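The briefing below is meant to be read alongside the sequence and the coordinates.

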Amino acid sequence: MARFDDTNLAIANEIISRYPRPKSALIPLLHLAQEQDGWVTDDAMRHIAELTGTTPAEVKGTGSFYEMFKFHPVGKYVVNVCTNLSCQLLGGEELLEHAEATLGVKAGGTTADGMFTIEDVECVAACTEAPCLQVNYRYRLRVTNDDFDSLIDDLRHGRADDVPEHGTLGLIRQSIPAGAGAGIVAPEEAREAPVWLARNDVPKSADDEGGEG
Amino acid sequence: MPTHAYVPHAPGYVDNDGPKIVTSRFPHEDSFTLARAEATGAYDGLRAALDRTPAEVHGEVREATVLGRGGAGFPAGVKWGFMPPGKFPYYLVVNGDESEPGTYKDRLLMERDPHQLIEGCLIACYALGLAQCFLYVRGEMALAQERIAEALNDAYAKGYVGKNILGTEFSVDITLTWGAGAYIVGEETALIESLEGNRGMPRLKPPYFPAAIGLYGQPTIVNNVETLANLPWLMNNGAAQYKTYGSEASPGTRLVAVSGHVQRPGVYEIEQGVTTFRDLFYGDNFCQGIREGHELKMFVPGGGSAPWFFPEQVDLPLEAKDVGAAGSMLGSGAIIVMDETTDAVKAALRLVRFYARESCGKCTPCREGTTWEERVLQRIYDGEGRPSDIDMLLDIADNISPGPYPNAADPAQGLDAIPFPPKQTTICPLGPSSVAPIASTIRRFRHEYEAKITKRDTIPVMSVAMEGEA
């Protein structure tokens, strides 16, 4: 496992095609690797290095800066409990303690059956809905201990439809239809002003508009 | 139309009676779809822009004084003017990496109205001759990524984005890109580094700001999501109309998220510069007061990085100049309200821990200093503090942010306000931000620190969770 399969390789190449420099695709490709395998493997990083014209060390150097990338297997469901100030004020830490007690692991740990990893995370931008958590980056808001217990129960029994396995982010990907794109603009290749800026040089008259009107 | 009420499909958003410049579609359950967006005037602002010259569009934005909504509050029209002429290509980078503690607005704008954001990006690209747009969404925001991807796909199919937009010679691609969990990437030069495939560490500035040397070394405009979301309305209604809302210095509206110990926490679109904190905390169409039976102890007026305010500052308007003179900032529109049950040391510790975790490690005063701050605060909180620890905290803070740190006035102690911003020995403001909770709480609640240190005991603070369940 771990190099991109054919489907993901095609997706990877499409992602790369949207940036003037392939290295810019590094973070999206690391996400793609994590989506494929649940975590980021060494083979995946080698493959990403090949695809982006970088070295595996550069790929890991970048990837290891970011919290979302896991370089070891984690649970099928990663439960991120926010304990930052807004959530702390309304019981975020108590929720985390409850989560730890319920699942029998401390924050950062994974349950023995490989189902759950708990994390103590920073603000996830749902501050008015405290305390909140994310499970595989899907929100649960104003979470009580009972809510948490039923969430875990749902996840164990495959009843949480909106939560994919760890690694999958958006279920819809950007895709630019052939011929519809303006094309990437590389810094080396576009030294001229974009054509529409010429409108600034033409005195405006009443009926020379190019718009749909 | 519902008034004064939560909107179930936009969690936290409260539909109040104020003007709606960026949240007009929020009450619609399907606000994120192209069909709903088109039915409610989406891309009319783009059409209006295309009927004018790019310079005229830029002029309108400058005239309206659209202030940046990311934190610094710098006027977008002026920032746009900093690009060196003729050094093409220019790029647009959209900062959707919302992660300042307490901040919740850009995610709503991206999830609930992606077409408004896309339209805003296009207007900016048209006005300035920006050749490609990169829309950078925070990694953790899976739904926002999904909604924007779908919106972009639909917009491409309809010819709103891409080649020859709406049949004109205006062509630009918008590339959706996303991060992977790092607060510091919200800093614009760190965002550019991240977009280039690097670790998200801020670049040294001055001398070169992104407008001069940015993405791939080219002039780059980095704008916040909410800033760009204002542009479609502005194109449709004009600067004169825009300026009828808010104050002269801060026209228009802004989104604020009020969290913590209020009756009705929520995201509110308010008029800038005129609404006061009191209106917001106690007003019927806003938060409706502090939690039942409790009173205001302190509040963070502009995100985790802002020095704290106290009951004396509650009558200040949400106006950058006034709040700055009073010793803090409006930042990202994140207001965290704490009542008298809040342990000041514990709250400060939590924010400091955030900065210690999120320091990128590039500048020594921040990398080492934030870690020290956290450890010293932790031991004070744990009842293991030493008498010298308060001075030590202030000394470490002085290494990151030398000189008097911005602070609110404290009439009881006869202390005047120290105006914002702080000085810094670091490249970016993350390090100095870690000082805000420390300086604010030590100056105001030194006795809480001393009680923990000298009595080796914590002052009795009711458990918030227990009380909430009562």
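**Briefing on selected features**

B:Leu166 sits in the loop of chain B between helix H7 (142-157) and strand S5 (173-178), and its phi is near 50 degrees, a positive value in a residue other than glycine. The model is predicted, and the points below take up this residue again before turning to other parts of both chains.

**Backbone geometry**

- B:Leu166 is partly exposed, with 17 other C-beta atoms within 10 Å.
- A:Ala125 also has a positive phi, of about 60 degrees, although it is not a glycine; this residue is found in the loop between S2 and strand S3 (133-135) of chain A, where A:Ala125 is buried, with 28 other C-beta atoms within 10 Å.
- A cis peptide bond joins B:Phe88 and B:Pro89, with omega at about 0 degrees, and B:Pro89 belongs to the loop between helix H4 (76-80) and strand S3 (90-96) of chain B.
- The peptide bond from B:Phe420 to B:Pro421 is cis as well, with omega near 0 degrees, and B:Pro421 lies in the loop between H15 and H16 of chain B.
- These features deserve a check because most residues other than glycine have a negative phi, and most peptide bonds are trans.

**The sheet of chain A**

- Four strands form an open sheet in the order S2-S1-S3-S4 of chain A, with mixed pairing, and its edge strands, each pairing on one side only, are S2 (116-121) and S4 (138-140) of chain A.
- Neighbouring strands of this sheet are turned by 25 degrees against each other on average, direction ignored.
- Strand S1 (residues 77-82) of chain A runs parallel to S2(A) and is joined to it by six bridges; A:Asn80 has A:Glu119 in S2(A) as its bridge partner.
- Helix H6 (residues 92-103) of chain A lies across S1 and S2 of chain A, at about 150 degrees to S1(A).

**A helix pair in chain B**

- Helix H15 (residues 389-400) and helix H16 (residues 430-454) of chain B pack with their axes 10 Å apart and at an angle of about 170 degrees; H15(B) and H16(B) are therefore roughly antiparallel to each other.
- By class, the contact of H15(B) with H16(B) has twelve nonpolar, two polar and two charged residues.

**The contact between the chains**

- Chain A brings 70 residues to the contact and chain B brings 83 residues.
- On the side of chain A that touches chain B, H2(A) gives the most, with five residues, and the classes there are 37 nonpolar, 18 polar and 15 charged residues.

Notes: Residues are numbered from 1 along each chain as its sequence is written. Chains are lettered from A and ligands numbered from 1 in the order in which they are written. This is a predicted model: local features need pLDDT of at least 70, side-chain atom pairs count only at pLDDT 80 or more; totals for chains, interfaces and linings use all residues. Two strands pair if DSSP finds at least two bridges between them. Helices (H or I, at least four residues) and strands (E, at least two) are DSSP runs, numbered from the N terminus. Axes are lines fitted to C-alpha atoms, for helices over the stretch in contact, and angles run from 0 to 180 degrees between N-to-C directions. Two residues are in contact if their C-beta atoms, placed from the backbone, lie within 7 Å. Ala, Val, Leu, Ile, Met, Phe, Trp, Tyr, Cys and Pro count as nonpolar, Asp, Glu, Lys and Arg as charged, and the others, Gly among them, as polar. Angles under 35 degrees count as roughly parallel, over 145 as roughly antiparallel, 65 to 115 as roughly perpendicular and the rest as oblique. A residue is buried if 20 or more other C-beta atoms lie within 10 Å of its own, exposed if 12 or fewer, and partly exposed in between; C-beta atoms are placed from the backbone.
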